[in-house]
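Dear colleague,

I am passing on the structure below, together with some notes on how parts of it are arranged. Please have it open beside you as you read.

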Amino acid sequence: MDMTRQVICRSRRSRALWAWAAAGAVVAVLAAVGAVRSGVGSDFGLAWAFTSAVALLAAFMCAYVAVARVDADAEGLRVRTPLRRRRVLWRDVADIGVYVHQGRHGETYRSTVVMLRGGRRVRLPLPHDGGGRDRAGFLATVHALRALHRRHGAPEAADHVPVVSYATAGRGSALAAGTCALLLAAAVTAAWFVPDAEAGREAWRAAVPCAAGEFGDCVSVEDAVVEEVDEGSSRSGGALHLGDTWGRVTVSHEAAGHFSAGQRVELTVWRGQVKEIAREGYVWRDHTPGGGDVAAVAIVLALGAGLPGGVVVQRRRARGLPADDLIPSPYPLWIALGGTAVWLLPLGYLHPLDAFGSPGTAAWAAGGVAVTAALSAWAWRASRVRTPGAVAADAPEGGPVFLAARFLEHTDYNPHHFGTHVFLGDGGPAVTPHHGPGMFAAKRIPVERLTVTAVRRARGGDPVPSGWHVAELDDAGRPVRLAAAPDDLVRIVRALERAGG
């Protein structure tokens, strides 16, 4: 097969995948029969039904990978999966890149993404690289697809492979937007029950002992015997079994340890619920949530919605950027949410229904709103999408200083990527592995052989924090990249240009 004329991508383990798919289908059928025989409503029936569903899903996934195929030739791409067939012509393709999935410990999966003209993207089922097991073969296939595209199409980024990840402008925001909407809906629902919860707590506090034969909103005292104690755990809690009349009463793990089987206890009952269980020397009291508790939950949910909401906002602000450009982190927006929580949570918990009922609470709320407004203005400015090469008006210029910056290539002045900062001042510019003071282990930058060719935003393939910019340098014919925060990078580039004449 001539890789310059045709590229065929299909699974190398088709036989094994079909075998696993057949085994999963057999298990699914047998489990479904077991569910029918045991009765779907019974515990065993539900277990069998769950097993059948899991086996069927696994069989479908194996069959999906076994059938999936991508063919590329002079006309374009042909994609085949069990669910659909698709044809993409080269004239409609803007570029071919790599989609990176992030895990706790770095990259966990790489797949291929086709970027269409107009901004849409198509994820290809193949080639893919799971966990770096065949990274070289995956990259070779991606480069072969890009070579075909260069030959028969018009790529927009022929000089590099676009890398799309969770921190780039090309990542979709549908999941974050859906999560934000669900959390906001939950917050509104919780806020709806604040008056009822506050009224219920006030009714419990105002309840009086019941008269003879009276029941309902009054408090009655009953005798009972603890038949069984389930201490449980500190996370799941414990329970007391009080016979057929009162059944199982859930208590805390610590409270369950104060009771024993056969012990006589005294119950305080209100509205048919056990609110207190007392024995000699110890009383357990049930927590009655009030309006403050529910209001605090509503506030936490609303502020929690701001976490995915910040991601959506940053992606909306990055519209029009290339798909592989790193966008600024939403951390400043999240800091503003944290500052809001500091004053809003205590206010909502202590005054759920009368936040403006007194001059003190009104001043509290007004001061909190002012703090939130100031934090929001700072966060909006700190998380803005900066133009490469632009410097803030208040950015300092003079004075010896250590600036966080990284040369991304191994060079004689940055051996084995040891540098973390660049020193500007007398004896500089120099690369150092520390933030000062002193010039220990510093290596002078040979500015006489460096030429700045471009300043751009960091891309998905650049190992730098989001929000940084990258200066592309020519080091006597060798391309070198220097990354730093936007203002710091402009200062370093100016210093390099001044020192190099």
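In this model, which is a predicted one, four strands form an open sheet in the order β1-β2-β3-β4, and their pairing is antiparallel. The edges are taken by β1 (7–10) and β4 (85–89), each of which has a single partner strand, so one side of each is left without a neighbour in the sheet. If direction is ignored, neighbouring strands of this sheet are turned against each other by 10° on average.

Within the sheet, β3 (residues 76–80) pairs with β4 in the antiparallel sense, and 5 bridges join the two; as an example of the residues involved, Arg 78 has Arg 87 in β4 as its bridge partner. A helix also lies against this sheet: α3 (residues 135–152) packs on it and touches β1, β2 (69–72) and β3, with a direction that makes about 140° with that of β1.

Turning to a pair of helices, the axes of α5 (residues 194–205) and α8 (residues 291–317) come within 7 Å and cross at roughly 155°. Because angles over 145 degrees count as roughly antiparallel, α5 is described as roughly antiparallel to α8. On the α5 side the contact involves Val 194, Ala 197, Glu 198 and Arg 201, which meet Gly 291, Gly 292, Asp 293, Val 294 and Ala 295 in α8. Sorted by class, this contact of α5 with α8 has 4 nonpolar, 2 polar and 3 charged residues.

Terms used. Residues are numbered from 1 along each chain as its sequence is written. This is a predicted model: local features need pLDDT of at least 70, side-chain atom pairs count only at pLDDT 80 or more; totals for chains, interfaces and linings use all residues. Side-chain values use heavy atoms; hydrogens and water are left out. Axes are lines fitted to C-alpha atoms, for helices over the stretch in contact, and angles run from 0 to 180 degrees between N-to-C directions. Angles under 35 degrees count as roughly parallel, over 145 as roughly antiparallel, 65 to 115 as roughly perpendicular and the rest as oblique. Contact means heavy atoms within 4.5 Å. Ala, Val, Leu, Ile, Met, Phe, Trp, Tyr, Cys and Pro count as nonpolar, Asp, Glu, Lys and Arg as charged, and the others, Gly among them, as polar. Two strands pair if DSSP finds at least two bridges between them.
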